[in-house]
Amino acid sequence: MFTNDPKRLSQEITPKTVFENRRELIKSAAAGAFGCALAPWFSREAMAANPQKLAATLNPAFMTKDELTSYKYVTTYNNFYEFGTDKSDPAAYAHTLQTRPWTVSIEGLVKKPVTLDIDALLKLAPMEERIYRMRCVEGWSMVIPWDGYSLSKLLNYVQPLGSAKYVEFISLADKKQMPGLGDNIIDWPYREGLRLDGAMNPLTLLTFGLYGEMLPKQNGAPVRIVVPWKYGFKSAKSIVKIRLTEEMPKTSWGRIAPREYGFYSNVNPLVDHPRWSQATERRIGDSKGIFAPKIKTEMFNGYGDQVVSMYAGMDLKKLY
Amino acid sequence: MKIIIFFLALLPLDRLIWLGLTDDLSANPIEFITRSTGTWALVFLCLTLAMTPLRLIGNSVAWIRYRRMLGLFSFFYACIHFGIWLWLDQDFDLGAMFKDVVKRPFITMGFISFVLLIPLALTSTHWAQKKLGRRWAQLHRIIYLIACTAILHYWWHKAGKNDLDTVSIYAVILTLLLCCRIPYIRKILSKRSNT
């Protein structure tokens, strides 16, 4: 469904309103027919956002033949526990998140520690659109056109010291804006981390938008990380702090269940999650219909040629 | 009354069909159907187990009339739950299925619950009840074991993400329902209704 014309932005290719109108019609007819308290239970529509455009140029080096996951699914099926544990919770409750003013402080082992305003961050480097596969540790995947630039551009700007080995990402944790913080599932704030080489890899994207629009709040607005060769939870959302350290940072999921969520968490079909196999995945919105068989999961989510050298000599079955 | 309960009990299935037709089964329809049917199998299990305490409290045998149907609906939703998993997660590969059952405790528990429900469903007829006599009641006490394996299945499924709020509610309900079977508490319940 893609041409190689970089001027063609994805929002032109996947019109998200076409089928929604039809469905609204069916639904209002149904609501009339039921006319009772059960109607909401029979319809699970999430609220619509009011998106702002974000100009980005498609980077042909980061394309994929996979079919894009619809905007609707990308923005209504999310894991963002700050807004609740259900997949539909973020779309329903993230509207309380204040994405402006917003600053990100970069600190720790860097020559130039700095706190940057979101507007400054948006202008730090040219905005690219990249299409990445996103594989969740739970066994499902999407294909998403993200807008942002390589995290390495920001890291080079602050100049990591020679002693810096790891990068820690800390997400916002504010009870007033995030109803999910009432649950003590995670020791808030959410923390994730990468080894410095992974953070500097050109694939690692500092992300501000998707589908040519500013990130919807449920997707981690206003700025997040996207690391396509690792399970989705490595890609921290709504980041307020980036810290360079010498020690391996303790990640949120790693603290809760180290056997299930290792520090590296590279997508790896050979290493099972204790509760399910990782050999296959279910592609969200698969065009073959809802009973489509699962697809094979690829090593490093198919990004092996760009990342495998970083893990040379490591036993990835042990260092999962 | 029975017919009303029958149609009410079909509502969760109607809902899934309806959501399917309106393309509204979430982004992950298979997961949605699996979880929904699993939840309803558990709800009907609780309802089935609630009939005896209700009989004791209300001092009315009327409740027992609905018990079989509710139990069969639990089995019905468990069948869909299991069938979808066998088909779309295991691709009808029985070898792979058994490997999963042995390897993953939460699946072991789910599988045991499902398998144990089968003899109960098969012997749910009046004919079987008469034929088995006293042994029928003994056999159907397996439901207490199923309550435990089913809740463990759900609990361990949620434990990895520490997301235990909902499953705790079911665990409390099932514990209370099972406590009603303790002879001492049984006596208290039926005494209350006699005064």
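Tutor: A residue is buried if 20 or more other C-beta atoms lie within 10 Å of its own. This model is predicted, and of the 195 residues of chain B, 29% count as buried.

Student: Which secondary structure elements does chain B have, and how many?

Tutor: Chain B has ten helices and zero strands. Its pattern along the sequence therefore reads α-α-α-α-α-α-α-α-α-α.

Student: What radius of gyration does chain B have, and what would a compact globule have?

Tutor: A compact globule of 195 residues would have a radius of gyration near 16 Å; chain B agrees with this, at 18 Å. Along the principal axes, its C-alpha atoms fill a box of roughly 55 × 40 × 35 Å.

Student: How many residues does each chain bring to the contact between A and B?

Tutor: Chain A brings 25 residues and chain B brings 20 residues. On the side of chain B that touches chain A, helix H1 (2-21) and helix H2 (29-58) each supply at least two residues. The largest share, three residues, comes from H1(B).

Student: What is the make-up of that side of chain B by class?

Tutor: The side of chain B that touches chain A has eight nonpolar, seven charged and five polar residues.

Terms used
Residues numbered from 1 in each chain as written. Chains lettered and ligands numbered in written order. Predicted model: local features only at pLDDT ≥ 70, side-chain atom pairs only at ≥ 80, totals over all residues. Contact = placed C-beta atoms within 7 Å. Helix = DSSP H or I, 4+ residues; strand = E, 2+ residues; numbered from the N terminus. Nonpolar A, V, L, I, M, F, W, Y, C, P; charged D, E, K, R; others polar. Rg over C-alpha atoms; globule rule 2.2 N^0.38 Å. Buried ≥ 20, exposed ≤ 12 C-beta atoms within 10 Å, placed from the backbone.
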